[in-house]
Amino acid sequence: MGISWQQLLILLVIVLLIFGTKRLRNLGGDLGGAIKGFKKAMKEEDKKDAEDKDPELLEKDEASKPQQKTSSEEKQSQDK
């Protein structure tokens with residue numbers, strides 16, 4: 001005894017009629033932005049905790065990351 005696919009389809013049509021596609025699209029975008037913000041805050045908190053425990057760990061992580069070239073450096077390397 002669950003919800004059948006026909007009942008879900010009817011429910012979807014009713015929700016679309018009430019809210020409209022534009023409002024649902026905006027709601028989805030807002031929800032996605034909130035999730036990204038939450039994940040970013042969690043990563044920053046984890047970094048902060050790791051730094052508090054062992055500051056050398058954070059320095060090693062940053063040193064192992066490849067350095068990004070600036071646009072002027074990229075142009076110079078392309079000219080050569």
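The protein chain contains four helices and zero strands, and its elements follow the pattern α-α-α-α along the sequence. The structure is a predicted model. Of the 80 residues of the chain, 1% count as buried. The chain exposes about 8,000 Å², of which 58% is supplied by carbon and sulfur atoms.

Helix α1 spans residues 5-19. This helix has 15 residues and extends 21 Å from its first C-alpha to its last, close to the 21 Å expected at 1.5 Å a residue. Just after α1, G20 adopts a positive phi of about 85°.

A nonpolar patch on the surface is formed by W5, L9, L12, V13, L16 and L17. Together, these residues present about 650 Å² of accessible area. One of them, L17, is located in helix α1. L17 counts as exposed because its relative accessibility is 71%, the cut-off for this class being over 50%. In general, an α-helix has 3.6 residues a turn, so residues three or four places apart point the same way.

Notes. Residues are numbered from 1 along each chain as its sequence is written. This is a predicted model: local features need pLDDT of at least 70, side-chain atom pairs count only at pLDDT 80 or more; totals for chains, interfaces and linings use all residues. Side-chain values use heavy atoms; hydrogens and water are left out. Patches are made of residues with over 30% relative accessible area and no salt bridge: like charges are joined within 9 Å, nonpolar side chains (Val, Leu, Ile, Met, Phe, Trp, Tyr) within 5 Å. Accessible areas come from the Shrake-Rupley method with a 1.4 Å probe; for residues, only the protein chains shown count as cover. A salt bridge is a side-chain nitrogen of Lys or Arg within 4 Å of a carboxyl oxygen of Asp or Glu. Helices (H or I, at least four residues) and strands (E, at least two) are DSSP runs, numbered from the N terminus. Buried means under 20% relative accessible area, exposed over 50%, partly exposed in between (1.4 Å probe, protein chains only). The expected span of a helix is 1.5 Å times one less than its number of residues.
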